[in-house]
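Colleague: Please take me through the helix packing and the strand pairing in this model.

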Amino acid sequence: MCAATNQIQYNFNMNNPEQNIGENNVNNLSIYLDKEKCAKIRRFILIGVLVVLGIVGWHFYEYLFAEKGGPNDPTTFVEHEIIDLTRRLFADEVRQNSYPIDVNFQGKTRAFQRDDRAAQPLLKMNDALLASKPSSTIALLRRLFDNYVLDVHAVEETTPEQALEEMDFLNAVLKTSIMNHTMRFLQQKDLVSSDYNDQLQLLKHIWFTQYSRFKGRLGSSGFEHVFLAEVREDTILGLHNWVYFHDQEQQGNLDYKGFIEKIRLEKDKYVLATRFEFHNHVKPYNTLFIGTSPEFELSVYTVCFLLHGDEPCPVQMGQTKFNINTNVWNWRGRKTLAAAFPSIEN
């Protein structure tokens, strides 16, 4: 349209040679103004086209990439937050918690092999030194070990004394800086309030809610499965805590057969895949942390359960990245913890 207008004006001027100089000047000015107007229109149209292309391109990018793990995928963002949190929690753990243990890995084995590559126990611990700190989370954890029955078929009833021991343990854990850090993170995710009792009840529900693994009989909990062990027929369930592992070795109930995989996280802290025999039942593959505090393990497992339950949960400890697996148990309309353990399979 701009070119047509200019052409018409040009032809008009050429066909009227007798017009005076003033009229020519007016027409020249009109042509100049029309060109300026057209240039502005072109720029406006170009900017509009670029804006539209940008919007379309962004939506196309979101469709192809963002929903498949791109930087704006909410799931990916949460994973980055978990990685950052666990990295900082582990740094606090290294600074604050060191335990008098000797780790004797001995020979390497494989799942489902029948050899015994370890003539000695995996762990040796200075029990006298631990006993000198009766209010520590390790000591309070060990008080809970005789409160449970291995057989998942058995009905378990919590006595008032046992309930008090559970609360003593959770209160001690909640007073640690590591769990405080964890609770602040969960507050930011609107998963718990800043109220102390709310935080206490959250941990109690996740870890100590009793549920059934056999015909409706109340005989299991997330805590019992992870920090102790359970037996169903000939199958060992759980046993992902090194303190319980050590105690069962000392009592002669557990025979360590060797390591399948091990990762040194920092100093005396490891994550281990192992094979062992427990009460004459073989567990061909099992993973656990070694040398970490109860509050650290509870923190990591709780976060992964709440934000990445039933899915691999990426974590970082020191320079090492791996996954935590947690399983959700739906019990009477509420979700509680069924299992939690580190995953270091290649």
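**Helix packing and a hairpin**

Modeller: This is a predicted model. Helix H7 (residues 177-188) packs on helix H8 (residues 196-208) at an angle of about 95°, and the axes are 12 Å apart.

Colleague: How are H7 and H8 oriented to each other?

Modeller: Their packing angle is about 95°. Angles of 65 to 115 degrees count as roughly perpendicular. Therefore the orientation of H7 and H8 is roughly perpendicular.

Colleague: Which residues of H8 meet H7?

Modeller: H7 contributes Met-179, Met-183, Leu-186 and Gln-187 to the contact. The residues of this contact of H7 with H8 comprise five nonpolar, two polar and no charged. On the H8 side they are Gln-199, Leu-202 and Leu-203.

Colleague: How are H7 and H11 oriented to each other?

Modeller: The axes of H7 and helix H11 (residues 294-308) come within 9 Å and cross at roughly 15°. The crossing is right-handed. Angles under 35 degrees count as roughly parallel, and H7 and H11 are therefore roughly parallel.

Colleague: Which residues of H7 meet H11?

Modeller: The H11 side consists of Glu-295, Phe-296, Leu-298, Ser-299, Thr-302, Val-303, Leu-306 and Leu-307. By class, the contact of H7 with H11 has nine nonpolar, three polar and one charged residues. From H7 come Ile-178, Met-179, Thr-182, Phe-185 and Leu-186.

Colleague: What is the bridge partner of Val-231 in S6?

Modeller: Strand S5 (residues 229-232) pairs with strand S6 (residues 235-238) in the antiparallel sense over four bridges. The two strands form a hairpin with two residues between them, and Glu-233 in the turn has a positive phi of about 55°. The partner of Val-231 in S6 is Ile-236.

Key
Residues are numbered from 1 along each chain as its sequence is written. This is a predicted model: local features need pLDDT of at least 70, side-chain atom pairs count only at pLDDT 80 or more; totals for chains, interfaces and linings use all residues. Side-chain values use heavy atoms; hydrogens and water are left out. Two strands pair if DSSP finds at least two bridges between them. Axes are lines fitted to C-alpha atoms, for helices over the stretch in contact, and angles run from 0 to 180 degrees between N-to-C directions. Angles under 35 degrees count as roughly parallel, over 145 as roughly antiparallel, 65 to 115 as roughly perpendicular and the rest as oblique. Contact means heavy atoms within 4.5 Å. Ala, Val, Leu, Ile, Met, Phe, Trp, Tyr, Cys and Pro count as nonpolar, Asp, Glu, Lys and Arg as charged, and the others, Gly among them, as polar. A crossing is left-handed if the near helix is turned anticlockwise from the far one by less than a right angle, and right-handed if clockwise.
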